[in-house]
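Below is a short briefing on one protein model.

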Amino acid sequence: MGQESRELKDRVEAKKKQIKADIAKAKADARGEKNDTIEKLQKKLQGIESAVKDGFDDMSEAASKKLNEWLK
């Protein structure tokens, strides 16, 4: 894995942790009510996990670009 791939992987893992923490906070704040923020964050997390399901070694330029956009 190249330096850029390792850096992208580290950034993706950090973002996933942040999103999971945001989901937990939103669930706590929802107090049993429907919370659109939770759904939005879960969809974002699923998109990231789907994009990296095959790993970072053979990631296409398009997939890498998409991940970088999500990380902003």
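**Salt bridges and overall build**

Asp29 counts as partly exposed, at 41% relative accessibility. The model is predicted, and a search of the whole structure finds 2 salt bridges. Asp29 takes part in one of them, with Lys25 as its partner.

**Lys25 and Asp29**
- The closest N and O atoms of Lys25 and Asp29 are 3.0 Å apart.
- Lys25 and Asp29 lie 4 residues apart in helix α1, so about one helical turn separates them.
- Lys25 counts as exposed, with 52% relative accessibility.

**Lys16 and Glu13**
- A salt bridge also joins Lys16 to Glu13, and here the closest N and O atoms are 3.7 Å apart.
- Helix α1 spans residues 3-30, and because Lys16 and Glu13 are 3 residues apart in that helix, they are separated by about one helical turn.
- Lys16 is buried, at 13% relative accessible area, whereas Glu13 is partly exposed, at 31%.

**Charge and surface**
- The protein chain carries 18 positive and 15 negative side chains.
- The centres of these two sets lie 4 Å apart.
- Its accessible surface is about 5,400 Å², and carbon and sulfur atoms contribute 45% of that.
- Of the 72 residues in the protein chain, 26% are buried.

**Fold and dimensions**
- The protein chain has 3 helices and 0 strands, in the order α-α-α from the N terminus.
- Along the principal axes, the C-alpha atoms fill a box of roughly 45 × 20 × 15 Å.
- Among contacts with a separation of 6 or more, 57% are between residues 24 or more positions apart.

Conventions: Residues are numbered from 1 along each chain as its sequence is written. This is a predicted model: local features need pLDDT of at least 70, side-chain atom pairs count only at pLDDT 80 or more; totals for chains, interfaces and linings use all residues. Side-chain values use heavy atoms; hydrogens and water are left out. Helices (H or I, at least four residues) and strands (E, at least two) are DSSP runs, numbered from the N terminus. Buried means under 20% relative accessible area, exposed over 50%, partly exposed in between (1.4 Å probe, protein chains only). Contact means heavy atoms within 4.5 Å. Accessible areas come from the Shrake-Rupley method with a 1.4 Å probe; for residues, only the protein chains shown count as cover. Lys and Arg count as positive and Asp and Glu as negative; His and the chain ends are not counted. The place of a charge is taken as NZ of Lys, CZ of Arg, CG of Asp or CD of Glu. A salt bridge is a side-chain nitrogen of Lys or Arg within 4 Å of a carboxyl oxygen of Asp or Glu.
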